[in-house]
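Visitor: I have a fold to read. Please take me through it step by step.

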Amino acid sequence: MRGLLLAGSYLVCALFFPLQSNADVGADCISCHAGNNPGIHKQWKFSKHGQNDIGCTDCYEAEKGDPDGFEHHGANIVTLVTPNDCGKCHKYQVEQTTNSYHAQPVKF
């Protein structure tokens, strides 16, 4: 469900990718997520990230002490990828989005 919520925004980089070293653990993640989450796996596989070997931990790896980090099959990952995570590779796009009207909280 999270993948659907994030699609279409600059957080699209938060889709599922192979975990840890793409060569070592990626095959395990792909085999599990391709079977359990085929739609999300397919969306990643045919995305620019999938075509360029961008894996889960490129976006989902948790820093030590991250409040939303948890162990998932041998990798420490976060529950939500934030614009700060995307900004590691997509600095310009994050700056554009963060400064747009759409990134502002709704006031009632």
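Visitor: Read along the sequence, what pattern does the chain follow?

Guide: The order is α-α-α-α-α-β-β-α-α. That gives seven helices and two strands. Helices (H or I, at least four residues) and strands (E, at least two) are DSSP runs, numbered from the N terminus. This is a predicted model: local features need pLDDT of at least 70, side-chain atom pairs count only at pLDDT 80 or more, and totals for chains, interfaces and linings use all residues. Residues are numbered from 1 along each chain as its sequence is written, and side-chain values use heavy atoms, leaving out hydrogens and water.

Visitor: What share of the chain's residues counts as buried?

Guide: Buried means under 20% relative accessible area, exposed over 50%, partly exposed in between (1.4 Å probe, protein chains only). Of the 108 residues here, 31% are buried.

Visitor: How many salt bridges does a search of the whole structure find?

Guide: Side chains of opposite charge can pair when their charged atoms come close. The criterion is a side-chain nitrogen of Lys or Arg within 4 Å of a carboxyl oxygen of Asp or Glu. The search finds one. Aspartate 85 pairs with lysine 88, with the closest N and O atoms 3.8 Å apart.

Visitor: Where does aspartate 58 lie?

Guide: Aspartate 58 sits in helix 5, residues 56-60. Aspartate 58 is partly exposed, with a relative accessible area of 39%.
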